[in-house]
Each structure stands twice: as C-alpha cells, then as structure tokens.
Amino acid sequence: MFPAPGRAEVVLDWPVACSVGKTCEIQHYVDHGGGGDAKDFRCGTVTYKGHNGTDIRVLTMADERRGVDILAAAPGRVLRVRDGMDDVSVAVLGHDAIKDRDCGNAVIIAHADGFQTDYCHMAKGSVAVKPGDSVKVDQVIGRVGLSGDTEFPHLHITVRHDGRVVDPFAYGQPEGACAGGTSLWRADLQPSLAYKNGTVLNFGLAPTAVTVEQVDDGAGRDPLAPDSPAVLAYVRAIDLRRGDIQRLVVTGPGGVLVDRSEPPLPSNKDQVFMGIGRRRPPGGWGPGIYAAHYTVTRDGAAVVDRSVETRIGSAPTGPSGP
C-alpha cells in the first residue's frame, strides 16, 4: 500500500476552502493497520479498516448546503470525472444503490512525478472540470457534498504515487512505525494540521433543547435572554476513544447550574452528542456571564478542553452556536 521512504516530489495545498479547527475538521486519516487492526499514522484510532484517504468534514449540513468549494491540491491534468449522483446519505440509500460508485461524484487529477489525487463525495452538479483540463493549484473543481458512500458532508481525498496509496501526513513512513515519514502538505499549513485524536465539531449555548439533527440543520444559534425557556449547552465531539470520560458543566452568574460526567465510553466513537441544561427560574435569568465547559479525559489527562460563553443583559461576548 505504501511506498518505501523517499523524498516527496509534490507539495499539496489544502483541498477545501475551510480552516481546520474553525470551519472544518479531519474526521479520518489513512489506515496504516495493514492486515491487523485499523490505526492512523500516529497509531491512533482516527481511521477505520481499509480507509485509503483523508476525510475533511464541514461542521454541519447547513454549511454543505451553503456551498464549500473543493480546490485542486496541486497543478495537474484531469483524468476522470463523475457527476449526477444525488446528495443523500448512504444510510438512507443503502449500499446496493451505490455499488461500484463509493466515491460518489468525483474528480481524479494526475500530477507531476507519478502523483495523483482523487476527490470524492462532491455535491451533485458541482463538478467544474472535465477530462483533459489543465488545473492550477487552488482552482475550484467542485463543492463538498454527500454523494456516494458517506453519512456526513465531507471531502475524501486519496493521494497516490505510481498507483499506490500514500498518506499525505506521513509519506514514506516505515511499516509498523507510529510516527515518521514526510508531510506532503505545504509547510505553512502544517501547524494548523496538527494531529488530533478527539476534537469538538459543534459546541454552544442555546435557549431551548436542540437535537444533533437540529444542530446539523443550523439550529442552536439563538441568543440567550432573561426570558429564555432554558440555558442549555450542547456539544458534538468526534474521534473519541474507548474509555474516554466526557464532562460538561454549565455555569451562570451565581455559580454552577448543572454538572454532568458521562460513564467511560464502551468503544471508539466517530461521533458523540451531549446536551445538558437548566429550565428558567421563576424570576428569569439574571444578567451576567453564562458559560459551558467541556472536557474529555483519557488515561487521567484532558485531551479535549473547550469553553464557550455568552452574556445575558448585553451583547454576547463569545460564540453561542455550532
């Protein structure tokens, strides 16, 4: 699957018009597990068996509907394209409906020195190039979608060298290693692409209870007010490990409103959703800062630590939505 160590002959730009940690996240890396258990290039769990690419996920379905561009990661020539597949989760369509079309709407680009990039799951009708076209780095070639074998909006990008899959985060990493190789990403991008084994996709405070489906639809952005029915915190986290302990605490001007810790996760989780809150007291919510604090503890250490706050009684001072 992976080539022997060697000097990378291609430099890749980020292939989605998004900022990792702000408007998108990496959901999965390439599987380095070979014939054993799935593992990413850091021997973590942010992958699954046989996964041959990097999944770059936008934060909500509402973002996907607004349109997020997919960009050519390097100069090259378009080899093949496919368009016309509907943007529907495979959980609804079923795998038989997409047989032999797992990549969905797609663009395949050949680059110099035997490199190739495959862009999958594009939005229907968004493919903006055709076979034989020359493309420049950062040229728009389509939009993030939900076509093919996927249940969430993202770009799956596979990088190949001389026909074999390579990991753009660890090109030439020795088999069985838990670090090494060379990053193919442009040097100034690499700090923002630091490895995560667990992160937050959506986090906010809302005046009423919201479901994960409603958050995905863009809900949860309404501001808090003295007469809000409740003060509720919600969080959607991705790529957590078995044994991780989640804690969510909501505070107001008078102290802790609610504090909940979940039991250790029984298995690795691609996605978890948690929501807690307190109903409005008889006299309404007093003025001041309302905040939520979310942590994930692994082996006694915090691996995720996020806070969000807003103010009742004046303009918000921090984010309160996904």
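The model is a predicted one, and the values below are computed from its atoms. An open sheet of 3 strands runs in the order β11-β12-β15, the largest pocket holds about 830 Å³ of space, and the largest cavity has a volume of about 70 Å³. Glu 25, which sits in strand β1, is among the residues that line this cavity.

**The open sheet**

- The sheet is made of 3 strands in the order β11-β12-β15, and their pairing is antiparallel; its edge strands are β11, residues 199-206, and β15, residues 269-279, each of which pairs on one side only.
- On average, and with direction ignored, neighbouring strands of this sheet are turned by 10° against each other.
- In general, the strands of a sheet pair through backbone hydrogen bonds, in either a parallel or an antiparallel arrangement.

**The largest pocket**

- With a space of about 830 Å³, the largest pocket is lined by 39 residues, and those lying nearest its centre are Tyr 48, His 121, Asp 149, Thr 150 and His 154.
- Two or more lining residues come from each of the strands β1 (24-28), β2 (54-58), β4 (76-82), β5 (105-110), β6 (115-122), β9 (154-161) and β15, and likewise from helix α3 (212-216).
- Divided by class, the lining of this pocket comprises 12 nonpolar, 14 polar and 13 charged residues.

**The cavity**

- The count of cavities of 30 Å³ or more comes to 1, and the volume of the largest cavity is about 70 Å³.
- Its lining is formed by Val 20, Glu 25, Ile 26, Tyr 29, Ser 192, Leu 193, Ala 194, Lys 196, Gly 198, Thr 199 and Asp 239, which divide into 5 nonpolar, 3 polar and 3 charged residues.

Methods:
Residues numbered from 1 in each chain as written. Predicted model: local features only at pLDDT ≥ 70, side-chain atom pairs only at ≥ 80, totals over all residues. Heavy atoms only, no water. Pairing = 2+ DSSP bridges. Helix = DSSP H or I, 4+ residues; strand = E, 2+ residues; numbered from the N terminus. Axes fitted to C-alpha atoms, helices over the stretch in contact; angles between N-to-C directions. 1 Å grid on protein atoms, 1.4 Å probe; cavity = no way out; pocket = protein on both sides within 12 Å on 5 of 7 lines; lining within 4 Å. Points joined across faces, edges and corners; volume = space filled by probe spheres on them. Nonpolar A, V, L, I, M, F, W, Y, C, P; charged D, E, K, R; others polar.
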